[in-house]
Amino acid sequence: MSMIFKVNLFSLLIDLTSACELTELAVANHSQRVAYIALTIGRILGLSEKELENLVIASLLHDIGISSSREKLKIADLNVDGQEIIPHCVRGAELLKRSTILAEFSPIVAAHHDAWTDQTDIYSPIIHLSDRAEVLIDKSSYILWQHHSVIERIERLSGTIFDPELVAVLKHLAAKSSFWLDLTSEQYKKVIAEFTSDQFTYLTFNELESIAAIYAEIIDDKSRFTAEHSLGVSRMALALGTKVGFSDDELRLLKIAALLHDLGKLAVPDEILEYPGRLDHKQLMIMQQHPYYTYHLLDSLGPEAEPIRNWAAFHHEKLDGSGYPFGLNHTQLDTGARIMAVADITQALREDRPYRDKLSQQTINQILMTQVRSGKIDEEITHLAIEIMTSQSNLD
Ligand SMILES: [Fe+2]
Ligand SMILES: [Fe+2]
Ligand SMILES: [Fe+2]
């Protein structure tokens, strides 16, 4: 029987969305705050537990279609043109459709900026209102200096953009300053955590892989240079895993690890990922944080998925201990981790970079063998990778 993963889907989505929001201070924890407002409104409306769970998940996912920091900031502005809002709703809905477990949230995300009269589900009007209220808060000023004006601006749109019944609920909540202080003092995180802490979902390989594939696409889309990187690494890792005789379960763990290996890049600013040249020392230090984030972003996957987290996060470690961020050595790097390191390097060398075009097969082989000779990567796996690339180029 194939493996089943016991996962707190809420924790996983909280981690993934906060990683996406980490690079811009103005939108930090936006989705979690929206989830808090939505949950509070939903409770007053008397939604069932199941409906509240759906509301929280949809709130966490609502902006999943935003890829660049630029777009994030634009959408955080209430005066933004309607035309500029639509793409992230469409894209978010498209992404979610691909996951068996998240597909039911696709229509909600599609509608999350529509006027209430066009919204047909119970969740999107709540998310829309919560989202705009959150966006109206000036994070650089005291909340109790501004909460009246936030409500005033929302009220002006009541009946046209927002459902008047929901605006009335928000207004009722807004009368208590604790509602606003919870939202700006990090208390909201505790409210969400209490609601979600013991909620576990059992995911099959396919379900976990479908979530991984969505995030792989978000990661790859952050830069045109890495447009196919995670996919490419997963292909090479699978080919290598097959050659070394991995079992079916191991191969599937390896594939998911490869799809998620650069997850931590969500927390790297676009300017660095897209920098048109070689990175300077400071930029490089920021870039090199990414496998550390990958490791901790995958913590919430639980013990069954430990190989996924480790293989994904150890892809910049070297056998001689000179890699980052953990400085592990050959005694700590198992076959899966070694495969991931080789697959990542080979795929990167086959892609264009801002400062160079993709390299020829001969140059790639030379670079790989230099790394083998200096004790950085696994010799046998490297030979297998060269073999795989040679047979692929013979097919072209
Ligand atoms: Fe949005
Ligand atoms: Fe939003
Ligand atoms: Fe990486």
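Me: Asn29 is in the loop between α1 and α2 (30-45). What makes Asn29 partly exposed?

Reply: In this predicted model, Asn29 has 19 other C-beta atoms within 10 Å. Buried takes 20 or more and exposed takes 12 or fewer, so a count in between is called partly exposed.

Me: And what is the phi of Asn29 near?

Reply: Near 60°, which is a positive value in a residue other than glycine. For background, most residues other than glycine have a negative phi.

Me: Where else does a positive phi turn up in a residue other than glycine?

Reply: Glu186 is one, with phi near 75°. Glu186 sits in the loop between α10 (177-184) and α11 (187-196).

Me: Let's zoom out. How many helices and strands does the protein chain have?

Reply: There are 21 helices and 2 strands. Along the principal axes, its C-alpha atoms fill a box of roughly 70 × 50 × 40 Å. As for burial, 41% of the 396 residues count as buried.

Me: Which domains does the assignment give?

Reply: Domain 1 covers 4-196 and domain 2 covers 222-395. Their C-alpha centres lie 35 Å apart.

Me: How do you know that domain 1 and domain 2 are in contact?

Reply: 15 residues of domain 1 are in contact with 13 residues of domain 2. A contact takes C-beta atoms within 7 Å. On the domain 1 side, β1 (4-7) and α1 (9-20) are the elements giving two or more residues, and α1 gives the most, with 6. By type, that side divides into 7 nonpolar, 6 polar and 2 charged residues.

Me: What does the largest nonpolar core look like?

Reply: It holds 96 residues, and those touching the most other members are Leu61, Val109, Tyr215, Ala257, Leu260, Ile308 and Met340. Helix α12 (205-221) gives the most to this core, with 9 residues. At least three core residues come from each of domain 1 and domain 2.

Me: Take Ala257. What is Ala257 in contact with?

Reply: Leaving aside neighbours within four places in sequence, Ala257 is in contact with Pro307, Ile308, Trp311, Ala312 and Met340.

Me: How do you know that the span of helix α3 is close to what is expected?

Reply: Helix α3 (49-61) has 13 residues and reaches 18 Å from its first C-alpha to its last, and 18 Å is also what 1.5 Å a residue leads you to expect. Its buried residues are Leu55, Val56, Ile57, Ala58, Ser59, Leu60 and Leu61. Among the elements covering them are α1, α2, α5 (82-97) and α7 (123-136).

Me: Asp63 lies in the loop between α3 and α4 (69-75). Why does Asp63 count as buried?

Reply: Asp63 has 25 C-beta neighbours inside 10 Å. Buried needs 20 or more, so Asp63 qualifies. Not counting residues up to four places away in sequence, Asp63 touches Ser31, His88 and Gly92.

Me: What about helix α13: how does its reach compare with the expected span?

Reply: Helix α13 (229-243) has 15 residues and reaches 21 Å, close to the 21 Å expected at 1.5 Å a residue. The buried residues of α13 include His229, Val233, Met236 and Leu240. After α13 comes Gly245, with a positive phi near 85°.

Me: Last one. What makes the bond between Tyr324 and Pro325 a cis peptide bond?

Reply: The omega angle: it is about 0° where Tyr324 joins Pro325. In general, most peptide bonds are trans. Pro325 lies in the loop between α18 (306-313) and α19 (335-349). Tyr324 and Asp63 are 261 residues apart along the chain, and their C-alpha atoms are separated by 31 Å.

Terms used:
Residues numbered from 1 in each chain as written. Chains lettered and ligands numbered in written order. Predicted model: local features only at pLDDT ≥ 70, side-chain atom pairs only at ≥ 80, totals over all residues. Helix = DSSP H or I, 4+ residues; strand = E, 2+ residues; numbered from the N terminus. Domains from an automatic or database assignment. Contact = placed C-beta atoms within 7 Å. Nonpolar A, V, L, I, M, F, W, Y, C, P; charged D, E, K, R; others polar. Expected span 1.5 Å × (residues − 1). Core = buried A, V, L, I, M, F, W, Y, C linked by C-beta atoms within 7 Å.
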